[in-house]
Amino acid sequence: MPAKSPLSILALAGALLLPALTAPAPAAEPTLPLKAGIIGMDAHALPWTKIINDPNAPGELADMKIVAGYPGGSPDIPQSMEILKNSVGPVSELGVEIVDSIDELLKKVDVVLLLSIDGRTHLEQAKPVFAAGKRLYIDKPIAGSLADAIAIFRLSKEHDVPCFSSSSLRFAQRTLTVRNDPALGELVGCDQHAPCSLEPHHPDFFWYGIHGVEPLFTIMGPGCVSVTRVHTEGTDIAVGVWSDGRIGTFRGIRQGQRGYGSTVFGTKGIVPGGGFDGYEPLIVEIVKFFKTGNPPVSEAETLEIFAFMEAADESKRQGGSPVTLESVMKKAQESAAEIK
């Protein structure tokens, strides 16, 4: 066999190397600490930045730093404007660059915290984040409607960019561990209570009642099939029936003493559930999620929680009749299919 000339050898080597030279390099995992950006500085931006950017932050909290923030804000919600006015300056003083657009923010960060207080804005604000391939945490409520929530998760899958949403109340230690209390036995039911202020642009429980509904589901688990609601000016009670016959209730408080907690019913005893342990437990889970891409709360459970709240609204509209989660999900899916 004749020897190959040096030129033919070089040509062969070039042909072999060309795919390696032209193929896109695999995306590198961002280095620690993660550079995080905040979209919406009209809710938790200030207290969360104080926790995350603390130079003495321990453990997982040391693996992320807030570096940029887009103020946002909703002029038709007075609370949004009030918090925004009091947070942008102090957040800037904690070393956060304030930017004029979400696109500008995305150029500066590895991951995104969507903290806008107004759930109606979340779908549009999330779209460029998914398009940029940035992992995303969305603060409660994930959206201003069940249909928008479904659309957000659809975009997450289309762009292969994980996201999750959760109330901080889910991660109270007692809420997470109460089912393992030997004094409880097998879980029979749960009565959860929390403050439940209303906001006219959001379904009733989406605005603040979610802080009671989310720990109810954390304790009960998924599987609710119907909701019946009783409403007065000062109180809401939503009674959920689970597929195995268990009953879980949420008492939303607007009048009288307010607080967070639950009474958990079991085959052996009745025990107290958890309350509010601060923001740190949730933020730790967010950092873990940003590092791994594994959401601590599933899409299915989040959508069931929002279907529960939507069914409660529908029950109110129907004068307290039971409403199935399946019926409100079907309606919302039809609406979500029309969202581009």
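Cys-196 is buried, with a relative accessible area of 0%, where buried stands for under 20% relative accessible area, exposed for over 50% and partly exposed for what lies in between, calculated with a 1.4 Å probe on protein chains only. A search of the whole structure finds zero disulfides, and Cys-163 is buried, with a relative accessible area of 4%.

The model is a predicted one, in which local features need pLDDT of at least 70 and side-chain atom pairs count only at pLDDT 80 or more, while totals for chains, interfaces and linings use all residues. Residues are numbered from 1 along each chain as its sequence is written, and side-chain values use heavy atoms, with hydrogens and water left out.

Taken as a whole, the protein has 11 helices and 13 strands, these being DSSP runs numbered from the N terminus, with helices (H or I) of at least four residues and strands (E) of at least two. Its C-alpha atoms fill a box of roughly 90 × 55 × 45 Å along the principal axes, and buried residues make up 50% of the 340 residues. Of the contacts in the protein with a separation of 6 or more, 74% are accounted for by residues 24 or more positions apart, a contact meaning heavy atoms within 4.5 Å.

Gln-192 is buried, with a relative accessible area of 2%, and, leaving aside residues up to four places away in sequence, Gln-192 touches Gly-212, Pro-215, Leu-216, Ile-219, Thr-249, Phe-250, Arg-251, Gly-261, Ser-262 and Gly-274.

Helix H5 (residues 122-131) has His-122, Leu-123, Gln-125, Ala-126, Val-129 and Phe-130 buried. Seen down the axis of H5, its buried residues fall within an arc of 160°, so they line one face of the helix; the arc is that of the directions from the helix axis to the C-beta atoms. The face of H5 turned away from this buried side carries the exposed residues Glu-124 and Ala-131. The cover over the buried residues of H5 includes strand S1 (34-39), helix H4 (102-106), strand S4 (111-114), strand S5 (135-139), H6 and strand S6 (163-166). Just after H5, Gly-133 takes a positive phi of about 75°.

Helix H6 (residues 146-159) also meets helix H10 (residues 299-317), their axes coming within 10 Å and crossing at roughly 170°. The axes are lines fitted to C-alpha atoms, for helices over the stretch in contact, with angles running from 0 to 180 degrees between N-to-C directions. H6 and H10 are therefore roughly antiparallel to each other, given that angles under 35 degrees count as roughly parallel, over 145 as roughly antiparallel, 65 to 115 as roughly perpendicular and the rest as oblique. The contact is made by Leu-146, Ala-149, Ile-150, Phe-153 and Lys-157 of H6 and by Glu-299, Thr-302, Leu-303, Phe-306, Ala-307 and Glu-310 of H10.

The axes of H10 and helix H11 (residues 325-336) come within 9 Å and cross at roughly 100°, which makes H10 roughly perpendicular to H11. Here Leu-303, Glu-304, Ala-307, Phe-308, Glu-310, Ala-311 and Glu-314 of H10 are in contact with Leu-325, Val-328 and Met-329 of H11.

How values were computed. Disulfide = S-S within 2.5 Å.
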